[in-house]
Amino acid sequence: MTNEEILAGLKEVIGMVKPKLDMSNVNMETSLLNDLGIDSLSMLLMSLAIENKFGFQFSTQAPFEKVGDVVNYIAAAINK
């Protein structure tokens with residue numbers, strides 16, 4: 001799975017967790033906290049949705065700051 005495909009899937013997940021956000025401007029450099037308002041509860045909900053969408057156990061322990069950090073984490077987990 002490419003990073004572009006993972007990003008598209010992650011945008012779907014973020015859209016479910018934060019339905020009022022405009023996903024058209026979300027990219028690898030988008031800040032989870034500052035740009036998207038992803039707090040600890042939102043991150044927990046995102047992690048559950050990521051597990052369902054991508055089929056692996058997601059850890060919220062990693063220091064995710066940007067969307068790209070999450071994309072790279074997912075890529076490393078599913079492209080082993």
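Colleague: Where is Ser 31 found in this predicted model?

Modeller: In this predicted model, Ser 31 lies in the loop that runs between helix H1 (3-17) and helix H2 (40-54).

Colleague: Why is Ser 31 called buried?

Modeller: Ser 31 has a relative accessible area of 13%, and buried means under 20%, so Ser 31 is classed as buried. Leaving aside its neighbours within four places in sequence, Ser 31 is in contact with Leu 36, Glu 65 and Lys 66.

Colleague: What does the side chain of Ser 31 reach, and what makes that a polar contact?

Modeller: The side chain of Ser 31 reaches the backbone nitrogen of Asn 34 at 3.0 Å; the cut-off for such a pair of N or O atoms is within 3.5 Å, and therefore the distance of 3.0 Å meets it.

Colleague: Why is Leu 44 called partly exposed?

Modeller: Leu 44, whose place is in helix H2, has a relative accessible area of 45%; because buried means under 20% and exposed means over 50%, Leu 44 falls in between and is called partly exposed. Together with Leu 41, Leu 45 and Leu 48, Leu 44 makes a nonpolar surface patch of about 380 Å².

Colleague: Which residues touch the most other members of the largest nonpolar core?

Modeller: Of its 24 residues, these are Leu 10, Met 46, Ile 50, Phe 58, Val 67, Val 70 and Ile 74. H1, H2 and helix H3 (67-78) each supply at least two residues of this core, and H1 gives the most, with six residues. Leaving aside its neighbours within four places in sequence, Ile 50 is in contact with residues including Leu 10, Phe 58, Val 70 and Ile 74.

Definitions and conventions. Residues are numbered from 1 along each chain as its sequence is written. This is a predicted model: local features need pLDDT of at least 70, side-chain atom pairs count only at pLDDT 80 or more; totals for chains, interfaces and linings use all residues. Side-chain values use heavy atoms; hydrogens and water are left out. Helices (H or I, at least four residues) and strands (E, at least two) are DSSP runs, numbered from the N terminus. Buried means under 20% relative accessible area, exposed over 50%, partly exposed in between (1.4 Å probe, protein chains only). A polar contact is a pair of N or O atoms within 3.5 Å; within protein, one must be able to donate a hydrogen and the other to accept it, and residues adjacent in sequence count only if both atoms are side-chain atoms. Contact means heavy atoms within 4.5 Å. Patches are made of residues with over 30% relative accessible area and no salt bridge: like charges are joined within 9 Å, nonpolar side chains (Val, Leu, Ile, Met, Phe, Trp, Tyr) within 5 Å. Accessible areas come from the Shrake-Rupley method with a 1.4 Å probe; for residues, only the protein chains shown count as cover. A salt bridge is a side-chain nitrogen of Lys or Arg within 4 Å of a carboxyl oxygen of Asp or Glu. A nonpolar core is a set of buried Ala, Val, Leu, Ile, Met, Phe, Trp, Tyr and Cys residues joined through side-chain atoms within 4.5 Å.
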